[in-house]
Amino acid sequence: MSSGMKQTGQKNLMFFSGRAYPELAEEVASHLGVKTTPTTLRDFANGEIYARYLESVRGCDAFVMQSHTGPINKWIMEQLIMVDALKRASAKRITVIMPFFGYARQDKKGRGREPITARLMADLFKTAGADRLMSIDLHTSQIQGFFDGPVDHLFAMPVLVNYLRDKLDLEATTIVSPDTGRVRLSERWADTLGTPMAFIHKRRDLDVANQVTVNEVVGKVRGRTCVLIDDMIDTAGTICKAADALYEQGATNVLVAATHAVFSDPAVDRLKNSRISEVIVTNTLPLAEDKRFDKLTVLSIAPLIARAITEVFSDGSVTSLFEGDS
């Protein structure tokens, strides 16, 4: 197995990984049929990060993957440094792959004197030398417009839907959005599965982080299996309160499907002790053993990322991976 993929004298794919989540990178590389390019990455005593590639990258089509997991700022900085090293070593095109886009929730000014950190992230990667970004289930689609260049916005929905389709009686299933912000996503799910949808109207306390007040369920849930969908589960406060609201309205079973398992404390305890029957997530972020529990199912996103890389490398269509849904 080579550490790259060449295309008749002109193109050379090279795949790079930071240290945040090497297991996912190895899985993606195996689907691509390449090896991750040997790289020296280390920390100095004061916390500064050093990066150097051990093979020539001149003229290559570089794909640099890093999962923005904790400590999130360290791994974002490492990926920026890796991109800068590629730019200065004359890589032809640099695609930054961030399965989970760090700071994606800070995508607008809700109140005065707030930053738009998701835009800052896009600017940092552009300045470092990124030509293209690739991410999965961005918190909001407008983040694509923050980066001055192509953005491949991949969807985990096909992976999650394929798993759930075999488990559910679709005649008695309702797709539920935990808030009004996920209604568009819920509609796409409901159209794909041919089920009705519902949503939960909630209100946040802007002065207290991660605090949610659930108000009311809008839609048909009584006597039905409900699938709550979201892009991420952080502290699990929203999703557990939403599940409680559904049971109060007569739902017989509640499952949760989400792309990014952030699982900040006390998410695992909340989910374990909730009435949710199964939590289905993808492996965009690493999950330590103490973050895993009996009713958690983790699906691999690696084949999807590998197919998207192949389409980008061969100038194909990333949109075709989602059957024209973009």
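**Figure 1. Asp230 and the residues it touches.** Setting aside neighbours within four places in sequence, Asp230 is in contact with Pro178, Arg182, Ile239, Ala257, Ala258 and Thr259. Contact means heavy atoms within 4.5 Å. This is a predicted model, in which local features need pLDDT of at least 70, side-chain atom pairs count only at pLDDT 80 or more, and totals for chains, interfaces and linings use all residues. Residues are numbered from 1 along each chain as its sequence is written, and side-chain values use heavy atoms, with hydrogens and water left out. Asp230 sits in strand E12 (residues 225–233). Helices (H or I, at least four residues) and strands (E, at least two) are DSSP runs, numbered from the N terminus. Is Asp230 buried or exposed? Asp230 is buried, because its relative accessible area is 10%. Buried means under 20% relative accessible area, exposed means over 50%, and partly exposed is in between (1.4 Å probe, protein chains only).

**Figure 2. A salt bridge between Arg19 and Glu78.** A salt bridge is a side-chain nitrogen of Lys or Arg within 4 Å of a carboxyl oxygen of Asp or Glu. By this rule the count comes to 17 salt bridges. In one of them, the side chains of Arg19 and Glu78 meet at 2.6 Å, N to O. This pair links distant parts of the chain, 59 residues apart. Arg19 is in the loop between strand E2 (11–17) and helix H1 (22–32), while Glu78 is in helix H2 (residues 72–88). Arg19 is partly exposed, with a relative accessible area of 28%. Glu78 counts as buried because its relative accessibility is 0%. Which residues make up the network of salt bridges with Arg19? They are Asp43, Lys74 and Glu78, linked together with Arg19.

**Figure 3. Two further salt bridges.** Lys291 and Asp265 form a salt bridge, with their closest N and O atoms 3.4 Å apart. This pair, too, links distant parts of the chain, 26 residues apart. Lys291 is in the loop between strand E14 (278–282) and strand E15 (296–299). Asp265 is in the loop between strand E13 (253–261) and helix H7 (267–272). Asp265 counts as exposed, at 64% relative accessibility. Another salt bridge joins the side chains of Asp107 and Lys108 (3.6 Å, N to O). Asp107 counts as buried, at 2% relative accessibility. Lys108 counts as exposed, at 52%.

**Figure 4. Helices H2 and H3.** Two packed helices are described by the angle between their axes and the distance between the axes. The axes of H2 and H3 come within 8 Å and cross at roughly 30°. So H2 is roughly parallel to H3. The contact is made by Ile76, Gln79, Leu80, Val83, Asp84 and Lys87 of H2. From H3 come Met121, Leu124, Phe125, Thr127 and Ala128. Axes are lines fitted to C-alpha atoms, for helices over the stretch in contact, and angles run from 0 to 180 degrees between N-to-C directions. Angles under 35 degrees count as roughly parallel, over 145 as roughly antiparallel, 65 to 115 as roughly perpendicular and the rest as oblique.

Figure 5. An unreviewed UniProt entry lists Asn46, Gly47, Glu48, Arg105 and Gln106. UniProt positions are given in the numbering used here, feature names are shortened, and annotations may be inferred rather than shown by experiment. The listed residues are spread over 61 residues of sequence and, in space, up to 29.7 Å between C-alpha atoms. Glu48 is in the loop between strand E3 (39–43) and strand E4 (49–53). Glu48 is partly exposed, at 49% relative accessible area. Not counting residues up to four places away in sequence, Glu48 touches Arg42 and Asp43. Arg105 is in the loop between strand E6 (93–98) and helix H3 (117–128). Arg105 is partly exposed, at 41%. Beyond neighbours within four places in sequence, Arg105 is in contact with His139, Met232 and Asp234.
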